[in-house]
Amino acid sequence: LLSDIEGSTKLVQDLGEDYHSVLEQVRAIIRETVGRHAGYEVDSRADEFFAVFAEAAGGVAAAIEIQRGLQDAMWPGGHQVRVRIGLNSGSPAVTDTGYVGLAVHVMARVCNAGHGGQVLLTEATRSELGALPDGIELESLGEVALAGLPEPETLFQVRAHGLKEEFPPLRVVDPA
């Protein structure tokens, strides 16, 4: 799972010193939720947060809960803080410096393709999920070209009660 705050540069400009408390609040919501779903924090830099889960279902459940928690949070000055989340499954190498491999890069590209409030996942993650809990659906967004990847990825948007459902087109490579 990789998350990223949409429009963080503008938030920093608008909030000034208050941005630090916003970032800490976002990280606290994500950390607590990841922990409740048996996830493990790998890294957090700038406005990104990277976590891993033993089971794809834990990652998807955490992503849904993170989005709900962020929507319910009170933010300074009435600002909206929106986070995009991308999920991918794979077996990256674990090194002294962290997780390394194509699966990590795919996850990052999936996250970057989305918009604040959106949860996207790959076919690799969908295939590991099995039966979805009641109230959770996956909408196929089809095959998309993601920056730097040799082959298109089939992406899905997570739909669940309380999550925003309508978004602009994905931020992907123009195939032309």
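Strand 8 and strand 9 run antiparallel and are joined over eight bridges; two strands are said to pair if DSSP finds at least two bridges between them. The model is a predicted one, in which local features need pLDDT of at least 70 and side-chain atom pairs count only at pLDDT 80 or more, while totals for chains, interfaces and linings use all residues. Residues are numbered from 1 along each chain as its sequence is written, and side-chain values use heavy atoms, with hydrogens and water left out.

With strand 4 it pairs in the parallel sense over three bridges, and Gly-86 has Leu-120 of strand 7 as its bridge partner. With strand 9, strand 7 runs antiparallel, and three bridges join the two; here Thr-122 stands opposite Leu-155 in strand 9. In a regular strand the side chains alternate between the two faces of the sheet. In strand 7, Val-119 and Leu-121 point one way and Leu-120 and Thr-122 the other way, and all are buried, where buried means under 20% relative accessible area, exposed over 50%, and partly exposed in between (1.4 Å probe, protein chains only).

These buried side chains lead to the cores. A nonpolar core is a set of buried Ala, Val, Leu, Ile, Met, Phe, Trp, Tyr and Cys residues joined through side-chain atoms within 4.5 Å. The largest one has 35 residues, and those with the most contacts inside it are Ile-5, Val-26, Trp-75, Ile-85 and Leu-87. Among the elements that give two or more residues to this core are helix 2 (19-36), helix 3 (56-72), strand 4 (83-87) and strand 7 (119-122). A second, separate core of nine residues includes Val-110, Leu-120, Val-144 and Leu-155. Leaving aside neighbours within four places in sequence, Leu-87 is in contact (heavy atoms within 4.5 Å) with residues including Leu-1, Val-60, Ala-63, Val-119 and Leu-121.

Side chains of opposite charge can pair when their charged atoms come close. The structure holds ten salt bridges, each being a side-chain nitrogen of Lys or Arg within 4 Å of a carboxyl oxygen of Asp or Glu. In one of them, Glu-6 is joined to Arg-84, with the closest N and O atoms 3.9 Å apart. This pair links distant parts of the chain, since Glu-6 is in the loop between strand 1 and helix 1 and Arg-84 is in strand 4, 78 residues apart. Glu-6 counts as partly exposed because its relative accessibility is 27%, whereas Arg-84, at 7%, counts as buried.

Another salt bridge, with 2.7 Å from N to O, brings together the side chains of Arg-31 and Glu-41, which lie in helix 2 and strand 2, ten residues apart. Arg-31 has a relative accessible area of 35% and is therefore partly exposed, and Glu-41, with 27%, is partly exposed as well.

Which residues does His-115 touch, not counting residues up to four places away in sequence? They are Glu-6, Val-83, Arg-84, Phe-167, Pro-168, Pro-169, Leu-170 and Arg-171. His-115 is found in the loop between helix 4 (102-113) and strand 7, and it counts as buried because its relative accessibility is 10%. A polar atom of the His-115 side chain lies 2.7 Å from the backbone oxygen of Pro-169.

Gly-77, in the loop between helix 3 and strand 4, is exposed, because its relative accessible area is 74%.

Methods: Helices (H or I, at least four residues) and strands (E, at least two) are DSSP runs, numbered from the N terminus. A polar contact is a pair of N or O atoms within 3.5 Å; within protein, one must be able to donate a hydrogen and the other to accept it, and residues adjacent in sequence count only if both atoms are side-chain atoms.
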